[in-house]
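This report describes the sheet, the nonpolar cores and the ligand surroundings of the model shown below.

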Amino acid sequence: MKHLFQTGTDPNAPVLLLLHGTGGNEHDLLPLAQLLSPSSSVLSVRGSVLENGMPRFFRRLAEGIFDEEDLKFRTKELYDFIAEASETYGFSRDNVVAAGYSNGANIAGSLLFHYANALRGAVLHHPMVPLRGLALPDMTNVPIFIGAGTNDPICSATESEELASLLQGAGASVTVHWEGNGHRLSSTEVQRAAEWFKAAF
Ligand code: MLT
């Protein structure tokens with residue numbers, strides 16, 4: 001997959017897996033990585049699907065309606081890519097924390113929904129429930145931050161709560177932070193995520 005890798009100064013810090021929103025690329029969330037964990041190595045991936053020229057991590061049929069077959073296929077593609085990258089760049093596969101926004105948060109959620117130990121933790125900015133009806137793997141000891149919007153037009157507050165309770169039901173420790181800035185990734189949300197990150201890892 002198209003990506004960039006930056007070696008951090010602390011080899012024990014979690015490796016940040018950055019996953020951009022629709023229409024973004026692997027450069028977008030580099031400032032977020034700096035705020036979350038400046039000493040971490042960074043693996044930032046570009047989604048391999050194009051929607052009218054805009055990179056995404058999986059296809060959708062309409063806004064908020066996902067192509068589930070493609071979502072599953074792309075989730076496995078990313079899961080396999082993380083393992084491949086861990087060998088290429090020499091980091092521990094078990095020390096990867098995802099940080100994603102919107103569509104990127106949705107594929108991070110899908111990694112968590114499909115694979116045990118896919119991620120050591122996750123920072124999900126404005127995620128949706130990636131798919132329903134799955135038996136989720138055990139997520140005991142997986143810390144997850146959800147940045148949600150009381151007025152997010154793409155992901156309703158109810159859906160944010162549903163996602164938090166599904167993850168909690170699988171054993172994850174979930175922190176939900178609410179903002180009133182629609183679907184935007186605001187600086188206060190990022191600041192709260194950074195505080196959470198320092199405490200969680
Ligand atoms: C998605 O398709 O993953 C969500 O609708 C978020 C987005 O607009 O990318």
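## Sheet, cores and ligand site

An open sheet is formed by seven strands in the order E1-E3-E2-E8-E9-E10-E11, with mixed pairing. Two strands pair if DSSP finds at least two bridges between them; helices (H or I, at least four residues) and strands (E, at least two) are DSSP runs, numbered from the N terminus. Strand E1 (3-6) and strand E11 (173-179) stand at the edges with a single partner strand each, so one side of each has no neighbour in the sheet. From one strand to the next, the twist averages 15 degrees.

This is a predicted model, in which local features need pLDDT of at least 70 and side-chain atom pairs count only at pLDDT 80 or more, whereas totals for chains, interfaces and linings use all residues. Residues are numbered from 1 along each chain as its sequence is written, and side-chain values use heavy atoms, with hydrogens and water left out.

E2 and E3 run parallel and are joined by four bridges. Leucine 16 stands opposite valine 42 in E3. Helix H3 packs on the sheet, touching E2, E8, E9 and E10, and its direction makes about 140 degrees with that of E8. Helix H4 also packs on the sheet; H4 touches E9, E10 and E11, at about 165 degrees to the direction of E11. Contact here means heavy atoms within 4.5 Å; axes are lines fitted to C-alpha atoms, for helices over the stretch in contact, and angles run from 0 to 180 degrees between N-to-C directions.

The largest nonpolar core has 42 residues, and Leu17, Leu19, Leu43, Leu119, Ile144, Ile146 and Leu167 have the most contacts inside it. Such a core is a set of buried Ala, Val, Leu, Ile, Met, Phe, Trp, Tyr and Cys residues joined through side-chain atoms within 4.5 Å, buried meaning under 20% relative accessible area (1.4 Å probe, protein chains only). Among the elements that each supply at least two residues of this core are strand E8 (96-101), helix H3 (103-114) and helix H4 (157-169). H3 gives the most, with six residues. Apart from this core lies another, of 18 residues, among them Leu16, Leu36, Ala194 and Trp196.

The residues around the ligand (a heavy atom within 4 Å) include Thr22, Phe58, Ser102, Asn106 and Ile154. The table lists polar contacts, that is, pairs of N or O atoms within 3.5 Å.

| Residue (polar side-chain atom) | Distance to a ligand oxygen atom |
|---|---|
| Arginine 56 | 2.8 Å |
| Arginine 60 | 3.0 Å |
| Glutamate 63 | 2.7 Å |

Methods
Buried < 20%, exposed > 50% of the residue type's maximum accessible area, 1.4 Å probe, protein only. Polar contact = N/O pair within 3.5 Å; in protein donor to acceptor, adjacent residues only side chain to side chain.
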